[in-house]
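Biologist: I would like to learn how to read side-chain packing and pairing in a model. Can we go through it feature by feature?

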Amino acid sequence: MRCRRCGQKAVLKMPRHNTAVCGGCLDRFVQKQIKIAVKDHRMFSPTDRILVAVSGGKDSLALWDALIRMGYRTSGLHIHQGIGQGIGDYSSVSYRKTRAFADSRGAELIVHSLEENDGAGVLELADITKRSPCSACGVMKRYHFNRIAHEYGFDVVATGHNLDDEAARLMGNLLHWQEAYLMKQSPALPKTHERLVKKVKPLYRLTEREISAYAVTRGIDYMIEECPMSAGSKQLVYKEALNRLEADAPGTKMYFYLGFLDRQRPELLAGEDAKLGDCERCGQPTSLPVCSYCRLVERINVAHETL
Ligand code: AMP
Ligand code: ZN
């Protein structure tokens, strides 16, 4: 298989664009898609300080790699989730891959451990809340992404969500008619509160396959294993369904999600968070008197007191 652009050996077939690309052309393609994303959604400028949330997986490491190469001012933030125990467990390996990447690029990495700083890792949190580990993990991650970005003076938080993630999320939101979530599902969430930092997803135009191929050609050593907690999640079922549609009609995922964005009304995004107040305990923005993070911490404290 040859690259349709330059004739060199191709590394990736791209049915949705009816083409195949070599490593160099894939690299240009990835950077171009990020450029379009950044421009179309006014994500950040060359002078902005970007906090990249890095899990150690292919998406976030590829994102960090590309942003560094494109000359942006970035630092990484890794949340140590406390999934598994010992040096070979999921969270420790994720951390080590992230650390090795940061060191190889001479980039700053901020690390926050849930066990050490919040009193419980994700497994214990699931036990305490009796709910799926993903929901407590999500609350913790969102809270610390925002809090740390604000405290360190970053202009924006960037995550590695890709086209597959966003299309699957859109499918879930539509199937359950989650109108409030549909209004807010965007690759760029503006700053709507003094302590709420802007959030962006610069990889939303790229598929998981394209990002994996980019990471491999760039020699990035990433965490291949999926989070063990996500097995059986609805998100994975939607991804599978979309992959079947995509195999039958290449480009379906792209038309589905990008078509949705074309039809979305921007004023809805700005309006939704307008009623945010300050959490009574920690002062972070929330729509309730006490934010979900502080309510979670309270449950950890109660569980520890009754032990
Ligand atoms: P996921 O929800 O696991 O698919 O992750 C989506 C994005 O959230 C990743 O691409 C990262 O940018 C960010 N993220 C997930 N887990 C972590 C983590 N432990 N530390 C920092 N960022 C994370
Ligand atoms: Zn709070």
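The dialogue below takes cores, salt bridges and rings in turn.

Modeller: First, the ground rules. This is a predicted model, in which local features need pLDDT of at least 70, side-chain atom pairs count only at pLDDT 80 or more, and totals for chains, interfaces and linings use all residues. Residues are numbered from 1 along each chain as its sequence is written, chains are lettered from A and ligands numbered from 1 in the order in which they are written, and side-chain values use heavy atoms, with hydrogens and water left out.

Biologist: Which residues have the most contacts inside the largest nonpolar core?

Modeller: Start with the rule. A nonpolar core is a set of buried Ala, Val, Leu, Ile, Met, Phe, Trp, Tyr and Cys residues joined through side-chain atoms within 4.5 Å. Buried means under 20% relative accessible area, exposed over 50%, and partly exposed in between, with a 1.4 Å probe and protein chains only. Here the largest core has 55 residues, and Ile34, Phe44, Ile50, Trp64, Leu67 and Tyr257 have the most contacts inside it. Helix 1 (residues 23–40) gives the most to this core, with 7 residues. Helices (H or I, at least four residues) and strands (E, at least two) are DSSP runs, numbered from the N terminus. Another core, of 33 residues, lies apart from it; Leu77, Cys137, Met140 and Val290 are among its members.

Biologist: What is Phe44 in contact with, leaving aside its neighbours within four places in sequence?

Modeller: Contact means heavy atoms within 4.5 Å. On that basis Phe44 touches Val38, Ile50, Leu67, Tyr72, Val156, Val200 and Pro202. Phe44 is buried, at 8% relative accessible area.

Biologist: Now charges. How many salt bridges are there?

Modeller: Side chains of opposite charge can pair when their charged atoms come close. The rule asks for a side-chain nitrogen of Lys or Arg within 4 Å of a carboxyl oxygen of Asp or Glu. The count comes to 15 salt bridges. One joins Arg105 and Asp65, at 2.7 Å from N to O. Arg105 lies in helix 3 (residues 90–105) and Asp65 in helix 2 (residues 58–69), so this bridge ties together parts 40 residues apart in sequence.

Biologist: Is Asp65 buried or exposed?

Modeller: Asp65 is buried, at 1% relative accessibility. Arg105 is partly exposed, at 31%.

Biologist: Where do Glu208 and Lys239 lie?

Modeller: Their side chains meet in a salt bridge, 3.1 Å from N to O. Glu208 is in helix 9 (residues 208–217) and Lys239 in helix 10 (residues 234–248), so the pair ties together parts 31 residues apart in sequence. Glu208 is partly exposed at 21% relative accessibility, whereas Lys239 is buried at 14%. Shared partners also make a network: salt bridges join Asp65, Arg105 and Arg218.

Biologist: How many aromatic pairs does a search of the whole structure find?

Modeller: Rings of Phe, Tyr and Trp (its six-membered ring) pair if their centres lie within 6.5 Å; planes under 30 degrees apart count as stacked, over 60 as edge-to-face and the rest as tilted. The search finds 6 pairs. Phe44 and Tyr72 have ring centres 4.9 Å apart and planes at 75 degrees, so they are edge-to-face. Tyr72 is buried, at 16% relative accessible area. Tyr204 and Tyr257 are also edge-to-face, at 6.2 Å centre to centre and 75 degrees between the planes. Both Tyr204 and Tyr257 are buried. Ring pairs link Tyr204, Tyr257 and Phe260 into a cluster.
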